[in-house]
Amino acid sequence: MSLVEFLRARRSFYIFGSILTAIVLSISISLGAAMRQHAQDTAGPAHVTITISGAPGSSHSTPAHHHWHPESFRDLNFKIPLGLLFGIAAYATIILATILGTSLNSENGRGGFAFTKPISRERLALTYFAVDAAAGVAIFALALILCAVALAAFGVLDRVFLDSGAIAVAAAGTGAALMWYGLLQALTSWNRLKGGLITGITWATFLIVLPLYEVTQLGPIFHTMLAGINYLNPLAYYTACSLDGQTVAVLSQLGFGTGQVIAFTWTLGIAGLAIATYGWKQVEV
Amino acid sequence: MKTITIEHLTKRYGEQSAVADLSLEIDEGSVCGLLGPNGSGKTTTFKCLLGLARPTSGTLAVHGAPVTPHTFETLAYVPERNTLYEWMMVFELFNLYKRTYKKYDAARAAELAALFKLDSRKRIERLSKGQQTAVALTLAFATRPDVLVLDEPASGLDPIFQRVVLDLIIDAAAGGATVLFSSHQIGQVERAADRVAIMKDGRLVLDGNVDTLKGEEKIVEAVFDGDAFAPNGLATDPRVRRIERNGRILRAYVRNDSADVVRRLEALGPKAISVYDLSLEDIFLGAVSDTAARNGEGI
């Protein structure tokens with residue numbers, strides 16, 4: 001039965017991977033074209049003026065004006081922490097995780113096709129989780145490759161370095177993906193609700209509704225309620241990545257440090273999967 | 001040896017009873033046709049047997065033990081509605097079964113696919129309802145199961161393929177497999193099944209060997225000169241399952257001893273009296289008709 005989830009995940013990977021590739025290529029091409037155009041407009045056909053806010057004491061004082069060829073972008077003195085790329089790749093993983101997050105639910109309306117095979121529901125659920133996890137790893141890798149290709153196109157791939165926070169950022173980002181995936185499985189594995197609808201509702205809730213509660217006056221009851229629900233919001237744990245000196249750290253809306261984000265997201269994700277598996281085992285067709 | 005044993009199965013959904021105190025045993029190598037009107041509890045019985053629904057009470061066993069995932073190595077189920085992955089291609093489903101079942105017979109699958117004229121490169125969603133049923137049946141029979149549970153297996157198939165399905169069922173039973181199948185086509189059950197169980201409102205109302213039931217059940221038809229005859233207490237006779245009255249004609253559906261019923265009708269002075277064998281359809285209609293008609297109330 002792993003073949004079913006493999007084919008399903010592969011299809012989602014192809015579609016989302018294609019969209020991701022198209023987006024990265026579009027951004028890269030547009031950025032390259034804009035830089036060339038800017039060079040032509042401001043400094044003749046081969047030059048562009050840019051302003052760089054550099055670190056105090058660096059060779060690029062603040063603000064500094066440079067004339068450069070687009071081809072000489074690589075001559076600028078900056079470095080790219082790998083954690084930043086991991087942070088970007090984690091968002092791609094989060095999106096795919098939400099696409100695959102209703103895989104158990106998708107079996108519930110099939111008159112027990114999956115449940116009349118010589119494999120227990122628990123093992124089947126674990127198989128589906130493993131296949132989906134592999135797809136998550138694949139999209140993480142694809143996103144990294146696309147970043148690398150884009151950086152190589154600008155001739156700055158060699159500026160990437162392994163910063164001390166990179167692994168932690170990757171763990172926190174994939175933890176957020178796991179948390180959202182586990183939440184969706186727990187919400188949908190035991191019922192026949194439309195999986196896509198629930199996924200959409202979680203996106204709308206986590207991306208729009210919950211971030212608003214801090215800046216709008218909803219009254220103390222709603223505020224407390226939404227603040228409570230926000231603890232189920234993976235994006236409240238893994239809100240953004242920030243450059244902290246020579247390394248990247250996770251910014252959490254809930255005020256957690258990177259280590260806490262890793263601990264909470266992975267724990268909640270695994271708990272969600274345990275609840276989902278138990279719920280799926282109880283499903284009557 | 002009993003392959004399928006159902007004892008006092010009751011399944012309720014809230015206040016509604018889908019199956020009520022159903023007991024049924026099916027011998028190894030037997031083909032049992034489960035008949036009943038829509039909503040009589042056939043599919044629910046299958047689901048409880050296969051562990052897809054939890055019985056409210058009662059016990060169910062296949063080969064003497066409750067169904068576990070391991071049971072499905074040798075038990076194939078074809079549900080009433082198509083439940084195949086519509087986005088998969090036929091050959092992908094064949095691959096899935098090949099990976100899933102130890103006893104999967106690829107040659108048999110190819111043979112059946114050819115028999116049903118299936119295009120293995122087509123997506124399931126592009127197949128007709130009948131072809132989707134054919135795929136499900138091909139997969140079921142290709143696993144060489146010991147037990148087949150088929151919920152309206154010929155649904156959506158044309159008469160030629162319906163005949164093919166019946167032949168497959170008969171062949172499987174001849175090879176030692178036990179088959180439990182439901183159908184609304186009584187002719188199919190009559191042709192393939194050696195045993196019939198009839199359900200109504202969740203209850204088993206008739207169960208037995210097809211030939212025995214047909215032998216036991218007779219229609220005694222009497223034609224009178226006028227329609228003012230009295231049935232002489234026939235309706236209360238326990239052997240009389242049902243009485244129909246149509247003008248000058250009276251039909252009594254009799255179980256076991258029809259000779260005594262004939263003698264009692266002859267005493268009423270009919271113009272003519274005849275005794276017919278019942279078809280399975282007559283038996284079915286007799287079993288599922290309402291209580292009033294069965295007991296001849298008002299006659």
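Chain B has 10 helices and 13 strands, where helices (H or I, at least four residues) and strands (E, at least two) are DSSP runs numbered from the N terminus. The model is predicted: local features need pLDDT of at least 70, side-chain atom pairs count only at pLDDT 80 or more, and totals for chains, interfaces and linings use all residues. Residues are numbered from 1 along each chain as its sequence is written, while chains are lettered from A and ligands numbered from 1 in the order in which they are written.

**Overall architecture**

- Along the principal axes, the C-alpha atoms of chain B fill a box of roughly 70 × 40 × 35 Å.
- Of the 299 residues of chain B, 43% count as buried; a residue is buried if 20 or more other C-beta atoms lie within 10 Å of its own, exposed if 12 or fewer, and partly exposed in between, with C-beta atoms placed from the backbone.
- In chain B, 72% of the contacts between residues at least 6 apart in sequence join residues at least 24 apart; two residues are in contact if their C-beta atoms, placed from the backbone, lie within 7 Å.
- Chain A contains 8 helices and 6 strands, which follow the pattern α-β-β-β-α-α-β-α-α-α-α-β-β-α along the sequence.
- Buried residues account for 38% of the 285 residues in chain A.
- For chain A, 76% of the contacts between residues at least 6 apart in sequence join residues at least 24 apart.

**Confidence**

- The model scores ipTM 0.81 and pTM 0.84.
- Chain B has a mean pLDDT of 90, with 95% of its residues at 70 or more; pLDDT is the predictor's confidence in each residue, from 0 to 100.
- Over residues 291-299 of chain B the pLDDT is below 50, and this stretch has 16 contacts in the model beyond near neighbours in sequence.
- Chain A has a mean pLDDT of 86, and 88% of its residues reach 70 or more.
- In chain A, pLDDT stays under 50 over residues 45-68, for which the model has 36 contacts beyond four places in sequence.
- Where pLDDT is low, the predicted coordinates should not be read in detail.

**Interface between the chains**

- At the interface, 22 residues of chain B are in contact with 16 residues of chain A.
- Helix α2 (residues 90-100) of chain B gives the most to the side of chain B that touches chain A, with 5 residues.
- That side of chain B has 12 nonpolar, 4 polar and 6 charged residues; Ala, Val, Leu, Ile, Met, Phe, Trp, Tyr, Cys and Pro count as nonpolar, Asp, Glu, Lys and Arg as charged, and the others, Gly among them, as polar.

**Helix packing in chain A**

- Helix α3 (residues 121-153) of chain A packs with helix α8 (residues 258-281) of chain A at an angle of about 140°, their axes being 9 Å apart; axes are lines fitted to C-alpha atoms, for helices over the stretch in contact, and angles run from 0 to 180 degrees between N-to-C directions.
- This angle makes α3(A) oblique to α8(A); angles under 35 degrees count as roughly parallel, over 145 as roughly antiparallel, 65 to 115 as roughly perpendicular and the rest as oblique.
- The crossing of α3(A) and α8(A) is right-handed; a crossing is left-handed if the near helix is turned anticlockwise from the far one by less than a right angle, and right-handed if clockwise.
- In α3(A), A:Arg121, A:Glu122, A:Ala125 and A:Phe129 meet A:Leu273, A:Thr277, A:Trp280 and A:Lys281 of α8(A).
- The residues of this contact between α3(A) and α8(A) comprise 4 nonpolar, 1 polar and 3 charged.

**Helix packing in chain B**

- Helix α4 (residues 129-142) of chain B and helix α5 (residues 159-174) of chain B pack at an angle of about 15°, with axes 12 Å apart.
- At that angle, α4(B) is roughly parallel to α5(B).
- The contact joins B:Gly130, B:Ala134, B:Leu137 and B:Phe141 of α4(B) to B:Phe161, B:Val165, B:Leu168 and B:Ala172 of α5(B).
- By class, the residues of the contact of α4(B) with α5(B) are 7 nonpolar, 1 polar and no charged.

**Buried sites in chain B**

- Helix α1 (residues 42-49) of chain B is mostly covered, with 8 of its 8 residues buried.
- Just after α1(B), B:Gly51 adopts a positive phi of about 80°.
- B:Ala136 lies in helix α4 of chain B and counts as buried because it has 23 C-beta neighbours inside 10 Å.
- Leaving aside neighbours within four places in sequence, B:Ala136 is in contact with B:Val78, B:Asn82 and B:Leu84.
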